[in-house]
Amino acid sequence: MTTDLEPKTDKTQSAPAELETREMMLNIGPAHPAMHGIIRIVAKLDGEKIQSAEVEIGYLHRAFEKMAETVDYNGVIPYTDRLNYCSPVINNMGYCMAVEKLLGIEVPERCHYVRVILSEISRISDHLTCVGASAMELGAFSVFLYMIKAREYLWELVEKVTGARLTVTYCRVGGVKADLPDDFAEPCAKAFEETRKVIDEVHGLLTRNRIFVDRMSGTGVISQEDAISYGITGPFLRSTGVEYDVRKDCPYAVYDRLPFDVPVGSRGDNMDRYLVRMEEMEQSMRIVEAALRDMPGGPVLVNPETGRAIPAAEMVDLAKVGNIAAISGACAKIGPTLEGSEKAVHASIAADEKRAFLPPKEDTYGNIEGLMHHFKLVMLGHGVRPPQGEVYFPVEGANGELGFYVVSDGSGSAYRVRVRPPCFAIMSALPKLLVGGMMADMVPTFGSVNMIGGELDR
Amino acid sequence: MNTSLIELVKERFPTAASSSHTYRGDETVVLRRELLLEVARFLKEDPALQMNFLMDLTAVDYSTFGKSPSPAFFASSGVAVSPSSQIPDKDPWPGPPAEARFAVVYHFYSLKHKHRLRLVVPLNETDLEVDTLTSLWAGANWLEREVWDMFGIRFRGHPDLTRILMYEEFEGHPLRKDYPVNKRQPLIGPVN
Amino acid sequence: MFDSFLTSRLDAALGWARKYSIFQYPFVTACCGMEYMATACAHYDIDRFGAGLPRFSPRQADVLFVVGTISHKLAPALKRIHDQMAEPKWVVAFGVCTCTGGFYDNYATVMGIDTFMPVDVYIPGCPPRPEMVLDGLMKLQNKIQDQHTTGRRAAAESRPDNLEL
Ligand code: SF4
């Protein structure tokens with residue numbers, strides 16, 4: 001995909017010889033309006049041209065990797081939310097799948113679908129944020145407002161499923177917290193309709209907008225070889241024409257069964273990255289729609305034998321006095337935070353692996369085995385305990401390959417958790433992208449990097 | 001892909017690998033550090049391998065491996081939560097590198113052949129230095145700086161081995177196991 | 001007597017004017033920034049409260065929104081920005097990370113920004129929902145309303161003791 005609009009100005013024009021020019025050092029950041037994120041760039045300028053740039057990161061280092069060693073395996077999941085906080089479910093999923101690989105367990109198919117649906121929704125909201133914020137930095141403020149509006153619809157969707165808007169902590173080792181709610185397909189279709197409208201609007205506002213195209217196309221160019229050498233993946237790499245997408249090339253979960261295309265650019269500039277992201281949103285919606293159609297059990301798990309519903313507290317009381325007859329076969333009416341994890345759906349969202357996943361609430365409340373099972377799994381040191389070993393598991397994050405490298409020493413907490421943060425590689429190439437360009441090109445280039453501090457500095 | 005990557009590496013460098021394994025499908029070669037640069041170049045350039053991506057570069061401090069007290073558990077509860085032999089595992093994990101405190105871990109990926117390989121280079125605490133890969137992959141630059149910052153492992157020939165995530169005034173290397181998790185070294189404000 | 005009547009009326013008028021023309025400086029570092037964006041945009045529309053215009057220069061702002069985790073590496077920059085703001089100024093700690101450090105109790109993060117600068121309103125939550133942010137903003141507005149003409153804080157005792165550090 002390319003546009004036929006070429007920049008009119010010659011960006012390599014140099015100053016007339018008689019003008020006296022001096023080198024200037026310009027410090028940008030750590031807090032700067034044109035940077036949605038905390039980094040510092042020290043640029044050496046010749047007039048308006050960037051001669052060299054030094055990038056300083058680490059301002060949001062929160063010791064994710066160290067914290068992950070101090071909590072149990074499930075306790076790491078909230079920390080993974082806050083790595084790439086624009087698309088938390090993808091992080092959740094990557095981490096959980098890495099630990100599942102280490103444990104050697106496989107989650108049920110429906111659970112895979114649920115994870116895929118939620119992570120694609122996060123991917124859309126990530127791209128919306130990225131495109132919106134970088135457009136805003138170029139002065140297109142209304143695009144930002146529209147895109148955040150669309151994101152808000154998606155977040156409502158996410159909230160319906162997970163109970164939280166942003167930091168969802170949705171996946172668990174060996175499953176997900178809860179199944180999709182009863183009425184998911186319909187609001188999902190509505191939210192996508194709104195999102196499509198916004199994307200169309202943005203196409204109308206930006207894609208052929210002279211100012212926007214002039215600033216985006218031909219700036220921040222990187223070649224295929226350089227991109228690979230820097231280890232760049234994701235939309236950034238695809239904008240150069242390399243068709244690498246973990247979902248296609250090393251398929252995980254059920255991506256090999258879902259229909260989607262991988263959009264690629266050809267010139268590796270900001271414009272292509274913008275177009276790739278815009279197209280990816282459409283593809284993600286396609287994935288979700290197909291997944292909702294194909295998932296076993298349908299969008300709402302039809303379950304024939306739901307027993308009588310008893311309020312959870314009552315169930316506990318009956319179990320305490322040993323009135324097993326009254327509660328056998330019954331299903332617990334549980335609070336809104338746990339909805340979707342009833343016994344009837346439990347088997348379809350959690351791996352059949354008692355050593356990893358909590359029992360359904362009916363068992364926890366209703367019998368002593370279930371109670372002990374639950375109790376032991378949540379006790380520090382008794383929970384998930386993978387055998388000694390090391391694994392690496394990559395998933396396609398919104399910015400590229402998001403890999404988790406987990407080492408276990410057989411105890412209750414991970415010995416080492418390492419994230420391969422996709423935007424780390426891109427940021428390390430930032431000086432290369434900036435040098436030779438104009439000062440003003442820095443803004444769109446930095447915007448298209450989609451730097452996410454939580455993931456970059458961890 | 002018929003022959004395993006491990007075989008290819010071993011064939012070309014019979015003395016380089018001290019051991020190798022395929023645990024959970026991840027092919028791993030444990031390497032003597034002297035040959036790292038050559039093996040890496042071979043991985044990158046050999047037509048059968050063509051590992052053009054250096055996906056990840058990190059390190060592990062194995063000094064407390066297996067030393068965290070294994071909590072007692074009630075075998076009678078009916079819930080087996082300890083590591084179990086029931087988990088299928090063809091090629092067992094050989095354990096951490098013997099007699100080496102640190103291990104530098106490289107993950108490579110080939111765009112063409114779509115395969116991955118992990119290299120592990122064990123390092124003794126007395127001599128924490130390994131060759132840099134910046135001449136082969138530009139992306140190694142920051143990754144190596146991060147390993148230096150977090151673990152204090154030096155990379156011979158690195159153009160600018162300085163801290164990247166922490167600040168210059170910071171003392172110690174926080175991801176080492178002997179660095180307490182909440183030992184703060186603030187630039188301003190009280191210590192806690 | 002007439003004097004004090006006049007000044008107190010003036011105080012009230014000034015407080016009223018100030019509280020509905022908040023120029024904020026969003027110091028956005030991390031995940032909370034996403035919710036900050038959500039609050040500022042169309043759905044929740046912080047503009048209804050007279051705080052719609054972020055100024056990206058500390059010299060022109062009068063409320064500092066500290067949004068997201070502050071690490072030790074970043075703390076001096078934040079302090080400097082706070083020092084650059086002209087009086088009267090207020091600080092909002094947005095999210096538990098800025099209030100207490102949140103669940104990042106480790107070598108890298110500051111355990112609450114009030115260890116090195118004064119804070120007027122704390123908005124807990126990880127991240128706080130936009131409704132909470134708006135609630136916090138209204139609390140701040142009440143506080144601003146009570147300000148003295150000279151901009152001295154009514155509640156000086158809320159400052160921590162170790163400000164000199
Ligand atoms: S309070 Fe929570 S959401 Fe906000 S910055 Fe801290 S970790 Fe992120």
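By class, the shell around the ligand in this predicted model consists of eight nonpolar, four polar and two charged residues. In this classification Ala, Val, Leu, Ile, Met, Phe, Trp, Tyr, Cys and Pro count as nonpolar, Asp, Glu, Lys and Arg as charged, and the others, Gly among them, as polar. The shell comprises 14 residues, of which C:Cys31, C:Cys32, C:Gly68, C:Cys97 and C:Cys126 are the closest; a residue is near the ligand if one of its heavy atoms lies within 4 Å of it. The site is shared between chains, because the residues that surround the ligand come from chains A and C.

The model is predicted, so that local features need pLDDT of at least 70 and side-chain atom pairs count only at pLDDT 80 or more, whereas totals for chains, interfaces and linings use all residues. Residues are numbered from 1 along each chain as its sequence is written, chains are lettered from A and ligands numbered from 1 in the order in which they are written, and side-chain values use heavy atoms, with hydrogens and water left out.

Backbone geometry was examined next. Most residues other than glycine have a negative phi, and most peptide bonds are trans. C:Cys126 and C:Pro127 are joined by a cis peptide bond, with omega about -10 degrees. C:Cys126 is also among the residues closest to the ligand. C:Pro127 is placed in the loop between strand S5 (121-123) and helix H5 (130-145) of chain C; helices (H or I, at least four residues) and strands (E, at least two) are DSSP runs, numbered from the N terminus.

In chain A, A:Thr169 is not a glycine but has a positive phi of about 45 degrees. A:Thr169 occupies the loop between helix H5 (141-162) and strand S4 (171-172) of chain A, and is buried at a relative accessible area of 18%. Buried means under 20% relative accessible area, exposed over 50%, and partly exposed in between (1.4 Å probe, protein chains only). A:Asn450, likewise not a glycine, has a positive phi of about 55 degrees. A:Asn450 is found in the loop between helix H19 (442-449) and helix H20 (453-456) of chain A and counts as buried at 3% relative accessibility.

A:Tyr95 belongs to helix H3 of chain A and is buried, its relative accessible area being 0%. Apart from neighbours within four places in sequence, A:Tyr95 is in contact with A:Tyr73, A:Val76, A:Ile77, A:Thr80, A:Phe404 and A:Val417, where contact means heavy atoms within 4.5 Å. The C-alpha atoms of A:Tyr95 and A:Glu289 are separated by 25 Å, the two residues being 194 residues apart along the chain.

The interface of chain A and chain B takes 59 residues from chain A and 61 residues from chain B. About 5200 Å² is buried between these chains, 60% of it on carbon and sulfur atoms; buried area is the accessible area (1.4 Å probe) that two parts lose on being put together, summed over both. A:Arg355, A:Arg385 and A:Tyr415 supply 15% of the area that chain A buries against chain B, more than any other three residues. Eight salt bridges are counted between chain A and chain B, a salt bridge being a side-chain nitrogen of Lys or Arg within 4 Å of a carboxyl oxygen of Asp or Glu. The side chains of A:Glu390 and B:Arg118 form a salt bridge (3.7 Å, N to O). Polar contacts link 25 residue pairs across the interface of chain A and chain B (both at pLDDT 80 or more). A polar contact is a pair of N or O atoms within 3.5 Å; within protein, one must be able to donate a hydrogen and the other to accept it, and residues adjacent in sequence count only if both atoms are side-chain atoms. On the side of chain A that touches chain B, S8(A) gives the largest share, five residues, and the residues of that side divide into 25 nonpolar, 17 polar and 17 charged.

Between chain B and chain C, the contact takes 17 residues from chain B and 14 residues from chain C. The two chains bury about 1300 Å² between them, 67% of it on carbon and sulfur atoms. In chain B, B:Arg184, B:Ile188 and B:Pro190 lose the most area to chain C, together 41% of what that side buries. One salt bridge is found across this interface, and the side chains of C:Asp105 and B:Arg184 meet in a salt bridge at 2.5 Å, N to O.
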